[in-house]
Amino acid sequence: MPIPRETDESSSRLLAIFRETGALLEGHFELTSGLHSPRYLQCALVLQHPPYAEWIGQALGSRFGDERISAVVAPAIGGIIVAHETARALGARALFTEREAGVMTLRRGFRVEPGERVLVVEDVVTTGGSTRETIDAVRSAGGLVVGAGSAVDRSGGAVDLGIRREALLTLEVPAYEPNECPLCKQGTPAIKPGSRKRKD
């Protein structure tokens, strides 16, 4: 079982919530990043419960309460609820990005003002790819990204986005390239539990 690097109250509580909701899965999984792992964090099983979603948003928002944030942006689809609840805690707007022709962008009439102070959030960070793409989309639209937050960082703190980053729970969870995956070598098939289909 992965152990949280941090021992603060929010880390312990969130790990307990994942266990309680059955959102910490064991098996052989292909992650959105394409990496393989013996564990998967299915945040949707946590976020389906409004009180837990609200608590996650309040806990993340409290870490950025002094940043004068007026918009919270997340990549669709996993980060949408996290963005909504964090924005509510901060008294900000909640927006999300989507891929259009393979590029993460603000759609549906969403826009940020030039220089607007923006927080980018996610449910789970593994490689930071979706978060980076969302940061790029916000910057391309003229926004000022003042930080990034996530409910869970499963990289063990290894992801560097070049800006302030906060996670409620940081876990050391192994992730392997498919050609180096010990579960693949054992012949165990990988399943794709994520929300986004990966391009082959």
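A: R108 is exposed, with a relative accessible area of 60%, where exposed means over 50%, buried under 20% and partly exposed in between, with a 1.4 Å probe and protein chains only. This is a predicted model, in which local features need pLDDT of at least 70 and side-chain atom pairs count only at pLDDT 80 or more, while totals for chains, interfaces and linings use all residues. Residues are numbered from 1 along each chain as its sequence is written, and side-chain values use heavy atoms, leaving out hydrogens and water.

R108 lies in the loop between β5 (103-106) and β6; helices (H or I, at least four residues) and strands (E, at least two) are DSSP runs, numbered from the N terminus. Although R108 is not a glycine, its phi is positive, at about 60 degrees. Most residues other than glycine have a negative phi, and most peptide bonds are trans. R68, in the loop between α3 and β3, also has a positive phi, near 55 degrees, and counts as exposed at 63% relative accessibility. A cis peptide bond, with omega about 10 degrees, joins A76 and I77, and I77 sits in the loop between β3 and α4.

Beyond its neighbours within four places in sequence, V72 is in contact with residues including A83, L90, L119 and V121, contact meaning heavy atoms within 4.5 Å.
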